[in-house]
Amino acid sequence: MRVVYLHQYFNTRSGGTRSYEMARRLVAKGHDIQMVTSDRTPAQNGARRWHRTSEDGIQVHWLPVSYSNYMSYAARIRAFARFAWAASARAASLGGDVVFATSTPLTIAVPGIYASLRNRVPMVLEVRDLWPTVPVAIGALRNPASIAAARWLERTAYRRSTRIVALSPTMKKGIARTGYPESQITVIPNACDLAVFDVNAECGRQLRDAHSWLRDRRLVVYTGALGRVNGVDYIARLAAEVKHVADDICFVVVGEGIEESKVRAVAEQLGVLGRNFFMLPTMPKADVARWLSAADVAMSVVVDLPALWANSANKVFDALAASRPVAINHEGWLADLFRETGAGLVLHPQDINHAALTLIQAIRDRDWLETAGVAARRLAGERFHRDQLAAQLERVLVAAVEDRCAGTLENGLQSSGSRQHG
C-alpha cells in the first residue's frame with residue numbers, strides 16, 4: 001500500500017516524532033511511505049526548492065518554508081498557506097492508495113483533499129488539536145471572517161475524510177459534535193517509545209553528577225514547547241512557592257518557543273532563575289531521556305482554558321515510557337487517567353500555593369514515587385506502546401482503502417444494473 005503522508009512539521013530525532021515513528025513502522029510492514037513536509041530552516045540548509053531524502057526507508061519530500069516556535073501567529077498563517085498551496089501539487093503527483101494528512105495546522109487538509117480528489121483515493125485525517133477551537137480560545141484568531149473561514153475548513157476537512165484519527169477521547173467527541181459519524185473516528189493517542197526512554201538509571205546519576213546545582217536535589221522536569229498554549233511561566237511561579245518550603249526541589253525546563261523570554265523574565269523577577277529553576281534549549285530525544293532518567297517527576301502544563309484539556313502532549317508519553325509520574329495542571333482525560341491509575345497527580349491551575357504543597361508532599365513520599373512510577377510504566381507498556389498504536393493506525397488506513405474499494409464496486413454494480421434494466 002502506498003501512503004502519501006502529509007505532515008508539515010515532520011521530525012526524525014528531536015521534537016514531536018510521532019509521524020516518524022509511525023511511518024517507519026509502516027515501512028517495516030512493507031508499505032511505501034511518501035512523506036510530504038517542510039524544511040523549516042532553508043537558510044541553514046541552503047535549500048531553495050523541493051528536495052527528497054530517504055529516512056529509514058521513508059521517502060521524504062521537503063519544501064523550504066521557514067518556520068519556528070518564535071514566529072508570530074500571522075507569520076505562521078503565511079507559512080501554513082504557502083505550504084498548503086505547494087504541497088497540493090506535490091502530493092497529487094505521488095499517486096498512492098490513500099492520503100494520510102496529520103494536523104496541526106488544519107490547512108494540511110487542503111493538499112490532502114486535493115490529492116485525494118485528483119487521484120480518486122481516500123483521505124484519512126489525523127486531528128492533533130481541535131482547530132480552530134484552540135486558537136480562538138487563546139485569542140490568536142479573533143477576526144470573525146477568519147474564524148468563519150477556519151470553521152468552514154474544519155467541517156470541509158471532516159466531510160472529505162473517509163476516516164478520522166483523533167489523539168484523545170475528548171477530541172473524538174468534539175469531532176463527532178460537528179456531525180461526523182462517531183463510528184468512523186478512531187482514538188490513537190500519542191505513544192510511548194520504550195526503547196528510547198527506558199534507559200539505565202546510571203545515565204540519570206551521571207547527569208546529576210555533571211551539574212553541581214543538581215546533585216541530590218529532587219528534580220521536576222518539563223520537556224516541550226514554550227508556546228502561548230503551554231503557559232510554562234506557571235512552573236516558574238510554582239518553583240517560587242516551592243522554594244519557600246523546600247529548597248531541595250528544583251525545576252528544569254527543556255524547550256524553546258515564543259514565550260521563552262516571558263518565562264525567563266518571570267523566573268528572574270521571582271528570584272528563582274539559576275537557583276531552583278533552570279532553562280535549557282531543545283535537545284535530541286536521547287538527551288531528553290537522560291533528563292527524565294534523572295527526574296523524580298515530569299510535568300506537562302497548559303494555560304487555564306477548558307479548550308486545552310483535550311491535549312495529548314508528547315511529553316506526557318515520554319515520561320510514562322521513562323517510568324516517571326507526571327504532574328499536570330488541568331482537568332480532562334489525562335487528569336481522569338492519572339486519578340484512575342495513580343500514574344500522576346493533578347495540580348491546581350490557579351492556586352499556586354496549593355499546587356506547591358501538593359507537589360512537595362508527593363515528591364517527598366518515596367513510596368508514592370515508586371508506586372506512581374510503576375503505574376506509569378504499566379500504562380506505557382499496556383495502553384500506549386508505540387508498536388500497538390502503529391498497528392492500529394495501519395488498520396485504519398487499510399480500512400479506508402477497503403471502504404473506498406467497496407464503495408467503488410457498489411457504484412459499479414448499481415450502474416451495471418441500471419443499464420441492464422434500461
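Ala 166 stands opposite Val 187 of strand E8. That pair belongs to the link between strand E7 (residues 163-166) and E8, which run parallel and are joined by 3 bridges. The model is a predicted one, in which local features need pLDDT of at least 70, side-chain atom pairs count only at pLDDT 80 or more, and totals for chains, interfaces and linings use all residues. Residues are numbered from 1 along each chain as its sequence is written, and side-chain values use heavy atoms, with hydrogens and water left out.

Stepping back, the protein has 17 helices and 14 strands (DSSP runs, H or I of at least four residues for helices and E of at least two for strands, numbered from the N terminus). Its radius of gyration, taken over C-alpha atoms, is 23 Å, close to the 22 Å from the globule rule (2.2 Å times the number of residues to the power 0.38), so the protein is as compact as a globular protein of 422 residues. Of those 422 residues, 54% count as buried, meaning under 20% relative accessible area with a 1.4 Å probe and protein chains only.

E7 and E8 sit in an open sheet of 8 strands, ordered E3-E4-E2-E1-E5-E6-E7-E8, with mixed pairing; two strands pair if DSSP finds at least two bridges between them. At its edges are E3 (51-55) and E8 (185-187), each pairing on one side only. The twist averages 20 degrees from one strand to the next, with axes fitted to C-alpha atoms (for helices over the stretch in contact) and angles running from 0 to 180 degrees between N-to-C directions. Helix H7 (residues 169-176) lies across E6, E7 and E8, at about 165 degrees to E8. Helix H4 (residues 109-119) lies across E1, E5 and E6, and runs at about 165 degrees to E6.

The other sheet described here is also open, with 6 strands in the order E11-E10-E9-E12-E13-E14 and parallel pairing. Its edge strands are E11 (277-280) and E14 (344-346), and the twist averages 25 degrees from one strand to the next. Strand E10 (residues 249-254) is joined to E11 by 4 bridges, one pairing Phe 251 with Phe 277. Helix H13 (residues 314-321) lies across E9, E12 and E13.

Then there are helices H9 (residues 201-209) and H12 (residues 285-294), whose axes come within 7 Å and cross at roughly 85 degrees. H9 and H12 are therefore roughly perpendicular (65 to 115 degrees) to each other. Their contact (heavy atoms within 4.5 Å) involves residues including Leu 207 of H9 and Trp 291 of H12.

Key. Angles under 35 degrees count as roughly parallel, over 145 as roughly antiparallel, 65 to 115 as roughly perpendicular and the rest as oblique. Buried means under 20% relative accessible area, exposed over 50%, partly exposed in between (1.4 Å probe, protein chains only).
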